[in-house]
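Please have the sequence and the coordinates open while I talk.

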Amino acid sequence: MRVLVIDGQGGGLGRQLTAALAAGCPDIELTAVGTNSIAASAMLKAGAHRAATGENAVVVNCRRADIIVGPIGIVIADSLLGEITPAMAAAVCQSSAARVLIPINHCDNIVVGVPDQPIGQLVTAAVEKVSQLCSSGCR
């Protein structure tokens with residue numbers, strides 16, 4: 001199963017997701033793509049098998065992924081303080097991969113009806129969902 005983690009800014013959420021996925025789902029092929037080199041480096045250090053940076057890396061790896069994991073902003077053009085380009089958001093949305101999106105309520109994107117939870121709980125829930133998707137063949 002090919003799992004792609006996408007994150008930007010400092011890569012903190014991506015780092016936590018990558019570390020938890022590497023520990024909780026050892027049989028996956030874990031790729032990390034950062035919108036910048038700091039995020040990519042953080043996820044690589046956290047246990048990604050490989051990492052890349054930038055718009056083209058997002059586009060290319062979204063085509064290969066079975067599951068895409070990241071903050072909800074990865075599907076919203078110009079989010080993450082402008083780091084998500086329209087091409088990145090389109091690549092995530094148009095991918096045939098299952099998407100596991102973390103509801104982060106900031107940068108002017110508010111997900112209504114989702115209670116604020118600590119990042120650790122959101123990461124745990126995302127890893128559980130990825131594990132379920134891997135067990136069921138993603139669909």
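Predicted model: local features only at pLDDT ≥ 70, side-chain atom pairs only at ≥ 80, totals over all residues.

Let me begin with Asp66, which forms a salt bridge with Arg2, the closest N and O atoms being 3.7 Å apart; by salt bridge I mean a side-chain nitrogen of Lys or Arg within 4 Å of a carboxyl oxygen of Asp or Glu. Asp66 lies in the loop between α3 (55-64) and β4, whereas Arg2 is in strand β1, so the pair ties together parts that are 64 residues apart in sequence. The helices (H or I, at least four residues) and strands (E, at least two) I name are DSSP runs, numbered from the N terminus.

Residues are numbered from 1 along each chain as its sequence is written, and side-chain values use heavy atoms, with hydrogens and water left out.

How many salt bridges does a search of the whole structure find? The search finds 3, and beyond the pair I opened with, Glu29, Arg50 and Arg64 are linked in a network. Arg50 meets Glu29 at 3.2 Å, N to O, and this pair links distant parts of the chain, with Arg50 in strand β3 (residues 50-53) and Glu29 in strand β2, 21 residues apart. Arg64 meets Glu29 at 3.4 Å, again N to O; since Arg64 lies in helix α3 and Glu29 in strand β2, that pair ties together parts that are 35 residues apart in sequence. Glu29 is partly exposed, at a relative accessible area of 30%, where buried means under 20%, exposed over 50% and partly exposed in between, with a 1.4 Å probe and protein chains only.

Turning to helix α6 (residues 119-136), its 18 residues at 1.5 Å a residue should span 26 Å, and its end C-alpha atoms are 26 Å apart, which agrees; the expected span is 1.5 Å times one less than the number of residues. In α6, Leu122, Val123, Ala126, Val127, Val130 and Leu133 are buried. Seen down the axis, these residues fall within an arc of 135°, so they line one face of the helix, the arc being that of the directions from the helix axis to the C-beta atoms. What covers them includes β1 (2-7), α1 (12-24), β4 (67-71) and β5, and contact here means heavy atoms within 4.5 Å.

Now the cysteines: how many disulfides are there? The count comes to 0, a disulfide being a pair of cysteine sulfur atoms within 2.5 Å. The sulfur of Cys62 is 9.1 Å from the closest cysteine sulfur, in Cys93, which is too far for a bond. Cys62 is buried, at 2% relative accessible area, whereas Cys93 is partly exposed, at 40%.

Cys62 is also touched by Ser95, along with Ala65 and Ile68, if we leave out residues up to four places away in sequence. Ser95 sits in the loop between α5 (86-94) and β5 (98-102) and is buried at 9%, and its side chain reaches the backbone nitrogen of Ala97 at 3.0 Å.

I will finish with Ala39, in helix α2 (residues 37-45), which counts as buried at 0% relative accessibility. Leaving aside neighbours within four places in sequence, Ala39 is in contact with Asp7, Gly8, Gln9, Gly10, Gly11 and Gly34.

Conventions
Polar contact = N/O pair within 3.5 Å; in protein donor to acceptor, adjacent residues only side chain to side chain.
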